[in-house]
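Please keep the sequence and the three-dimensional view at hand while reading.

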Amino acid sequence: MRAAVVVFPGSNCDRDLAVAFRAAGADVTMVWHKDTSLPDGVDIVGVPGGFSFGDYLRCGAIAANSPICQSVKAHADRGGYVLGICNGFQVLTETGILPGALLRNAGLKYICKTIGLKVETAQSIYTEGYTAGDVIDIPIAHHDGNYFADQTTLETLIGEDRVAFSYTDNPNGSLRDIAGILSSNRRVLGMMPHPERAADTGHGGTDGQALFRAIAGQLTTV
Amino acid sequence: MKATVHVMLKTGVLDPQGEAVRHALGALGFDGVNGVRQGKVIELDLAEGTSEADVTAMCEKLLANTVIESYRVEMA
């Protein structure tokens, strides 16, 4: 499996994400936001957490218009896999690759803690290492994770089984407790929680490992 | 040549910051505030010949996220 991790000014989970991909067996290349193309043969692009461009204007808005994001969008459009975590999820909604938007947390506070996350579907390369209904412990660390989409979009997401994860105890006001969603072809996942921060025994939890192992398992056999 | 862009969260989108400001005003004894919505104002210093349509395109592409925000352009 070949993975690329995008690095923006202000990304701070890029190396953690690369470590998690590598631990699952991936060959990882870091790509800078000014790069105009992804390395040849990349199977999956990771858009990491952090505070790209200082969260100026809106979280992810400037990053979504950076040169590399044109290539990420083209990669997604031709059926490539993309995993956006936290700020990466915000970037994916700002590019329009995933529907909806992430608003300021309903309680206005930045929240950094481990939360219970319910796996809503095992039908994706990201979640097939879990069983639908599993509750896993994954850290969140965000100020703007309050998922919003109009009613029609929400119904589509739920009707098409595209809610990947939901919060067991909604920390941020997200509609329908949504923590992560899939694209219509199920190859793009955006999620606010950080599976890469629960992927090693040294992290204090390993519930995120199954996500990276499932991706690697699928993409190495393709 | 200048343009002013007003960006607001759409009606129906929860505005937790506006709500916090409303609470704070109430705590200060200002009882007459039924609601607060907080947005942003963006001032653009434009080259001559830049049209309102150009500014609208800027809003659609970057300045506003039309999933959650509405915008209004004032050309001056």
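## Chain B: burial and overall form

Of the 76 residues of chain B, 13% count as buried; a residue is buried if 20 or more other C-beta atoms lie within 10 Å of its own, exposed if 12 or fewer, and partly exposed in between, with C-beta atoms placed from the backbone. The model is predicted: local features need pLDDT of at least 70 and side-chain atom pairs count only at pLDDT 80 or more, while totals for chains, interfaces and linings use all residues. Residues are numbered from 1 along each chain as its sequence is written, and chains are lettered from A and ligands numbered from 1 in the order in which they are written.

Chain B contains 2 helices and 3 strands, arranged along the sequence in the pattern β-α-β-α-β. Helices (H or I, at least four residues) and strands (E, at least two) are DSSP runs, numbered from the N terminus. The radius of gyration of chain B is 16 Å, well over the 11 Å that the globule rule gives for 76 residues, so chain B is more spread out than a compact globule. Here the radius is taken over C-alpha atoms, and the globule rule is 2.2 Å times the number of residues to the power 0.38. The C-alpha trace of chain B spans about 50 × 25 × 15 Å along its principal axes.

Two residues are in contact if their C-beta atoms, placed from the backbone, lie within 7 Å. Among the contacts in chain B with a separation of 6 or more, 66% are between residues 24 or more positions apart.

## Where the chains meet

The contact between the chains takes 9 residues from chain B and 12 residues from chain A. On the side of chain B that touches chain A, helix α1 (residues 16–27) of chain B gives the most, with 3 residues. That side of chain B divides into 7 nonpolar, 2 polar and no charged residues. In this count Ala, Val, Leu, Ile, Met, Phe, Trp, Tyr, Cys and Pro are nonpolar, Asp, Glu, Lys and Arg are charged, and the others, Gly among them, are polar.

## The sheet of chain A

Chain A holds an open sheet of 9 strands with mixed pairing, in the order β2-β1-β3-β4-β11-β10-β9-β6-β7. Two strands pair if DSSP finds at least two bridges between them. The edge strands of chain A are β2 (27–32) and β7 (135–142), each of which pairs on one side only.

Strand β6 (residues 111–119) of chain A pairs with strand β9 (residues 163–167) of chain A in the antiparallel sense over 3 bridges, and A:Leu117 stands opposite A:Tyr167 in β9(A). β6(A) also runs antiparallel to β7(A), joined by 8 bridges; here A:Ile115 stands opposite A:Ile138. Strand β7(A) is mostly covered, with 6 of its 8 residues buried.

## A buried helix in chain A

Helix α4(A) has 9 of its 9 residues buried. These buried residues pack against several elements of chain A, including β3 (44–47), α3 (67–77) and β11 (188–191).

A:Gln90 lies in helix α4 (residues 87–95) of chain A. Why does A:Gln90 count as buried? A:Gln90 is buried because 29 other C-beta atoms lie within 10 Å. Leaving aside residues up to four places away in sequence, A:Gln90 touches A:Cys59, A:Gly60, A:Leu102 and A:Asp144. Just after α4(A), A:Gly96 takes a positive phi of about 90°.
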